[in-house]
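Trainee: I would like a close look at one part of this model. Please take me through it step by step, with the cut-offs.

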Amino acid sequence: MTRIEKQLKNIGGWRLGFISQAESLSIDALAVEGQVPAWLHGAFVSTGPAVFELDGQHVDHWFQGLGMLKGFYFNMGQVGFKNKMLHSDSYKHHVLGEPEPPEYDDGNVTVFPFGDKGSAMTEASVDCSFDPKSLETIGHIAYQGELDAHLTLAHLVVDPVSKHYVNVGIQFGPTTRYLIYTIDTVSCKQDVIAAYESSLPFYMHSFSVTNRYIILFQSPLVFDVEALMSGGGFTEMLTKAEGAPTQFILINRETGESTAILHEESMCFHQVNAIESTDTIVVDSCDIDRIDGYADGLFELLCGPDYQVIPAHLKRHTIALQSNSVSTVQLTAAALEFPRINDAYVASDYRYVYAALTEGSHNFFDGLIKVDVEQQKDIKYYRDDCYFGEPIFVAHPDASTEDDGVILSLAFDAVRNQSLLVVLDAQSFTELAHAYIPIPIPFGLHGHWFAE
């Protein structure tokens, strides 16, 4: 047991959700308290770091742990569960002793449906394919096409124009190129549709798309390219470029022209949505006032008795296209992260954001929140001694409103030291059901709904 793991266990509470756990389970039917809607049919699959001791050393940052896939399977009110370590080349090297992988490929950040398979991704350019039903790792996705990038973003968006996935690749050089490209999940072909060049290699985790624009967010948080290329740790490869601007970058999809619009200094992991009209673009995002927001996941800080999450706030940025100016309002006083919406409303007028909530004295994600961005109101959900992962929205098959569906979240009960699935009614934001798993699952990052 490493020093860090001992500290986490000694303090206990929510920190137990950061203890390594590689055990796999396969349970046909969990014991459900409450009622899961009979119409809910498919799988909620997510990923996240689960093993933090590599080669006898504890990793420095939460995001550096080896990835575990988790799947909840819904059929006529019953819920099955599986979990497996992702057998990436990184896993095979560190755990099975196979030769060093040529590139980091451990998909511990997010998953997406990819044809009849799944894609497990991080910000490296190599993605792992897996079977959504068995969670068996299949291998790397063999992409085709013109993309030449050192990194890609971890968040795909469904392009409102082509209906394919769209993403951003980052290519380092004398200038840094941000390559916007679409992905055909049948042919695995990648096509670059736009590009932006920057003198600074600024870090991004997500972006937004409208019919006419790609929206990037540039903060003073930049890559140390030398440290990145030499395999440096998560915090070593990121630094602040003093005096660098914070700005929205609008890329016109038809002309390729880009416009930089200055904004107050901040950083943002997660853009939520963008809405385009004739004269404005509205961008909703979770903004952090400090540039070192990534430090939240450092184990040296997580082990500290006075740890506090660096708060992110949901803000609406209205960009005036004629004056190239931006005005900002905060949509709720609550601190929140891991925002999700009804995916059918990407790049469209929408009303509701669902997120993990940081509130009270627990200093971690101790609730869930639904924000009405139109009325600037919110509803919160808590369970005693429980801490929550990203909330996933699943629409009712005959939905008549944007929020007609359910919310799914993988939570951790710090008293029982067990994880549980929580199912909420998305409209009332009240609990419909929950189901415990016999073991604790380390806190994860992102997931997706796999319809059948």
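Which residue in S25 is the bridge partner of His270?

Mentor: The bridge partner of His270 in S25 is Cys286. Some ground rules first. This is a predicted model, with local features requiring pLDDT of at least 70 and side-chain atom pairs pLDDT 80 or more, while totals for chains, interfaces and linings use all residues. Residues are numbered from 1 along each chain as its sequence is written, and side-chain values use heavy atoms, leaving out hydrogens and water.

Now the strands. They are DSSP runs of E, at least two residues, numbered from the N terminus. Two strands pair if DSSP finds at least two bridges between them. S24 and S25 pair antiparallel over 8 bridges. A hairpin through 3 residues connects S24 to S25. On to the next partner: S25 pairs with strand S26 (residues 312-320), again in the antiparallel sense, over 9 bridges. There, Ile281 faces Ile319 in S26.

How enclosed is S25? Of the 9 residues in strand S25 (residues 280-288), 8 are buried, so the rest of the structure largely encloses this strand. Buried means under 20% relative accessible area; over 50% is exposed, and in between is partly exposed (1.4 Å probe, protein chains only).

Step back to the whole sheet. It is open, has 7 strands and runs S24-S25-S26-S27-S28-S29-S30 with antiparallel pairing. Strand S24 (267-276) and strand S30 (377-381) are the edges; each has a single partner strand, so one side of each lacks a neighbour in the sheet. On average, neighbouring strands of this sheet are turned by 30 degrees against each other, direction ignored. Ile369 sits opposite Lys380 in S30.

Next, the nonpolar packing. A nonpolar core is a set of buried Ala, Val, Leu, Ile, Met, Phe, Trp, Tyr and Cys residues joined through side-chain atoms within 4.5 Å. The largest has 54 residues; Phe18, Phe72, Phe74, Phe364 and Leu408 touch the most other members. A second, separate core of 52 residues includes Met237, Leu238, Phe269 and Ile310. Beyond four places in sequence, Phe18 touches several residues, among them Trp62, Phe299 and Phe364. Touching here is contact, meaning heavy atoms within 4.5 Å.

Phe299 leads on to His58, which also contacts Phe299, with Thr2 and Ile4 among its other partners beyond four places in sequence. His58 is in strand S5 (residues 57-58) and counts as buried at 12% relative accessibility. Its side chain makes a polar contact with the Glu53 side chain at 3.5 Å. A polar contact is a pair of N or O atoms within 3.5 Å; within protein, one must be able to donate a hydrogen and the other to accept it, and residues adjacent in sequence count only if both atoms are side-chain atoms.

Gln171 is buried, with a relative accessible area of 17%. Its side chain reaches the backbone oxygen of Asp148 at 2.7 Å.

Technical notes
Helix = DSSP H or I, 4+ residues; strand = E, 2+ residues; numbered from the N terminus. Axes fitted to C-alpha atoms, helices over the stretch in contact; angles between N-to-C directions.
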